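Colleague: I am new to this structure and would like to learn how to read its features. Could you take me through them?

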Amino acid sequence: MGSGVLSMSQGLGLSNVLLAKGDESQVDFFIHGYTDTKFTVFGWDIYLTTTHISLIIVIVSILIFAICANRAIKKADPNEVPGPFLNVVELIVESLDGMVASSMGDKKARKFRNYVGALFIFILVCNLSGLLGLRPPTADYGVTFPLALITWVMIQYNGFKYQKFGKIKGLFEPIFLFFPMNLISEFSTPISMSLRLFGNILSGTVMMGLIYGLLPRVLTLIWPAALHVYLDVFAGAIQTYVFCMLTMCFVSDAIGEDA
């Protein structure tokens, strides 16, 4: 995927999934390929990269949490006080439902809260994975662009579903001469959304790579923790919210007020 192909020739083990390789004299931006694992698809050589490994870890973590949450809900007794884990699950669900409803309205929220909720959790966990020494999957454009492309397809589908011919008519408004700009605006949506998320997360990854690579090991044990709080937690949460908010706004506008 994307940036991981830049250094396919480096044959590294799974232990190098961590951000710092331990060599104080070398700056590591955590872009590695694994030459021992190669797949050929339609004549193209596809290598396993750090992005794939981080992505697998993130997906497995979310699946484990979802399975545990599902079992906790099934075993819960409505006549008893829910435990701490179930309270956390309820808080997450209620917060995401409230976010979608406040942005799209109750009627539209019922249709899209599952998608937006899943999107929010996935992007947030990807962004926060840097705290565990992983390269955030969202620091790879091969991850952010498909996410934005799915949203764009959803925008177009709902636009034609609810606006019918009005979707095409809107490309020529307010006058015919605006058609090229309106068309470019439509197709630039997934590019702008994906680049915004990709650029912000990648910049944090590059900054932390420089810090871990240039500072002595003693200093990297304490000082970068504050930067992790900002670059991974704060910036990661903000970018997750921005991506999901743009998704809700674009889809809601495509549906219109009368739907």
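Colleague: How many aromatic pairs does the count come to?

Modeller: Rings of Phe, Tyr and Trp (its six-membered ring) pair if their centres lie within 6.5 Å; planes under 30 degrees apart count as stacked, over 60 as edge-to-face and the rest as tilted. By this rule there are five aromatic pairs. One of them joins Tyr141 and Phe198: the ring centres are 5.4 Å apart and the planes are at 65°, so this pair is edge-to-face. Tyr141 lies in helix 4 and Phe198 in helix 6, 57 residues apart, and the pair thus links distant parts of the chain. Helices here are DSSP runs of H or I with at least four residues, strands are runs of E with at least two, and both are numbered from the N terminus. Tyr141, Phe145 and Phe198 form one aromatic cluster.

Colleague: What should I know about the model and the numbering?

Modeller: Residues are numbered from 1 along each chain as its sequence is written. The model is predicted, with local features needing pLDDT of at least 70 and side-chain atom pairs counting only at pLDDT 80 or more, while totals for chains, interfaces and linings use all residues, and side-chain values use heavy atoms, with hydrogens and water left out.

Colleague: Is Tyr141 buried or exposed, or in between?

Modeller: Buried means under 20% relative accessible area, exposed over 50%, and partly exposed in between (1.4 Å probe, protein chains only). Tyr141 has 26% relative accessibility and so counts as partly exposed. Of the 259 residues of the protein, 37% count as buried.

Colleague: Which residues have the most contacts inside the largest nonpolar core?

Modeller: A nonpolar core is a set of buried Ala, Val, Leu, Ile, Met, Phe, Trp, Tyr and Cys residues joined through side-chain atoms within 4.5 Å. The largest one has 31 residues, and Val116, Phe122 and Phe243 have the most contacts inside it. Two or more residues come from each of helix 1 (50–75), helix 2 (84–104), helix 3 (106–128), helix 4 (141–163), helix 6 (179–214) and helix 8 (224–255). Helix 3 gives the most, with nine residues.

Colleague: What does Phe122 touch?

Modeller: Contact means heavy atoms within 4.5 Å. Not counting residues up to four places away in sequence, Phe122 touches Leu55, Val58, Ile59, Ile62, Val143 and Leu147.

Colleague: Where is Leu231 found, and what does Leu231 touch?

Modeller: Leu231 is in helix 8 and is buried, at a relative accessible area of 13%. With residues up to four places away in sequence left out, Leu231 touches Gly204, Met207, Met208 and Gly236. The C-alpha atoms of Leu231 and Ile201 are separated by 7.8 Å, though the two are 30 residues apart along the chain.

Colleague: What is the pattern of the protein along the sequence?

Modeller: The pattern is β-β-α-α-α-α-α-α-α-α, from eight helices and two strands. Phe39 has its place in strand 1 and, at 47% relative accessibility, counts as partly exposed.
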